[in-house]
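Here is a quick walk through one model, written for someone who would rather look at side chains than read a methods section. Have the structure open as you go.

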Amino acid sequence: MRVVTWNLWWRFGPWADRRKAILAVLRELEPDVVGLQEVWAVDGGENLAEWLARDLGLHWDWSPSPAPERWQRRIGDDTVGVGTAVLSRWPVVERAVLRLPAPAELDDGRLASYARLGAPGHRIPFFTVHLTSGGGPANAVRREQAAALAEFVTAHRHGTAHPPVVTGDFNARPEAPEVRLLRAQGLRDAWEHAAPGAPSGTWDTANPYVAHADGEPSVRIDYVHVGPPGPGGLGRVLAVRRAGAGPVDGVWPSDHAAVVADLADDGTAHAPASGGPGTPGW
């Protein structure tokens, strides 16, 4: 099973050209399930998740932010919503949404979304999240949000042999407390199975949309986390890498690179031919 997580940079920059580049990357990846953050939808009009899903032949589930006003002021358009979305090869048979806690001065309606996917054999508890960005007070907010996310996952992970899959933009480095909190809950960072030396920065200063981050190093802030494997190694990580980390026909798809993880869906432990090198799963 191929899992992708990707922050799509909402409606910023050359969004009309960028969405074509996003679609081209996803077409090439042929994912089974995708967790998306900063997805736009126009009131009474087009929804980016629906547009992508239609072309890719996937089911889709959209969770709009209940407080998009701060986003809308940045582009001067109050008709465009923002939220998280799930694209899936299998139908969504159960869903829930968690509004992440934040003080009023930092609250821009960020969410965690849960979708139980009706895959053959074992239903998959899949989550995607977008934590608050920034430093200073936002650090404490992210820790509180990560704790709320962990409880949300615990509430919805049961009743299936497939481990939970938790994706998203954490806006935090791998060593940050909010990321370590998930590991303490038994969720493992799939990047441990990347090829040695593989580029890891999903917030990459080589990206022109990130060029304003003067002097800051590239860093990984986007994650696929997976619970302990089920029977026969079900859900174990086979390989992981970045995608969308360069221009497509001259256009960079987003200010983030995607993370792609291949998971065992039949109890086997061989890396898929298209998935790149991997290390033994857990």
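Let's start with a charged pair: in this predicted model, aspartate 55 forms a salt bridge with arginine 27, with the closest N and O atoms 2.9 Å apart. Aspartate 55 sits in helix α2 (residues 48–56) and arginine 27 in helix α1 (residues 15–29), so the pair ties together parts that are 28 residues apart in sequence. Aspartate 55 counts as partly exposed, because its relative accessibility is 40%. Arginine 27 is partly exposed too, at 46% relative accessible area.

| Pair | N to O distance |
|---|---|
| Aspartate 55 and arginine 27 | 2.9 Å |
| Arginine 220 and aspartate 189 | 2.9 Å |
| Arginine 242 and aspartate 204 | 3.1 Å |

Are arginine 220 and aspartate 189 buried or exposed? Both are buried. Arginine 220 lies in the loop between β9 (188–189) and β10, while aspartate 189 is in strand β9, so this bridge ties together parts 31 residues apart in sequence.

Now for the pair at 3.1 Å, arginine 242 and aspartate 204. It links distant parts of the chain, with arginine 242 in strand β11 (residues 237–243) and aspartate 204 in the loop between β9 and β10, 38 residues apart. Arginine 242 and aspartate 204 are both buried as well.

Next, the strands. In β7 (residues 124–130), 7 of the 7 residues are buried, so this strand is largely enclosed by the rest of the structure. Both of its faces are covered: Ile124, Phe126, Thr128 and His130 are buried on one side, and Pro125, Phe127 and Val129 on the other.

What does β7 pair with? Strand β6 (residues 111–117) runs antiparallel to β7, joined to it by 6 bridges, and leucine 117 has isoleucine 124 as its bridge partner. The two strands form a hairpin with 6 residues between them, and glycine 121 in the turn has a positive phi of about 90 degrees. β8 runs parallel to β7, with 5 bridges between them, and histidine 130 stands opposite aspartate 169 in β8. Getting from β7 to β8 takes the chain through α4, in a right-handed β-α-β crossover.

Last stop, helix α5 (residues 177–184), where the buried residues are Glu178, Val179 and Leu182. They share one side of the helix, because they cover an arc of only 105 degrees around its axis. In general, an α-helix has 3.6 residues a turn, so residues three or four places apart point the same way. The buried residues of α5 pack against α4 (137–156), β8 (165–169) and β10 (222–226). After α5 comes glycine 186, with a positive phi near 90 degrees.

How values were computed:
Residues numbered from 1 in each chain as written. Predicted model: local features only at pLDDT ≥ 70, side-chain atom pairs only at ≥ 80, totals over all residues. Heavy atoms only, no water. Buried < 20%, exposed > 50% of the residue type's maximum accessible area, 1.4 Å probe, protein only. Helix = DSSP H or I, 4+ residues; strand = E, 2+ residues; numbered from the N terminus. Arc of directions from axis to C-beta. Contact = heavy atoms within 4.5 Å. Salt bridge = Lys/Arg side-chain N within 4 Å of Asp/Glu carboxyl O. Pairing = 2+ DSSP bridges. Right-handed = clockwise from strand over helix to strand, strands pointing away.
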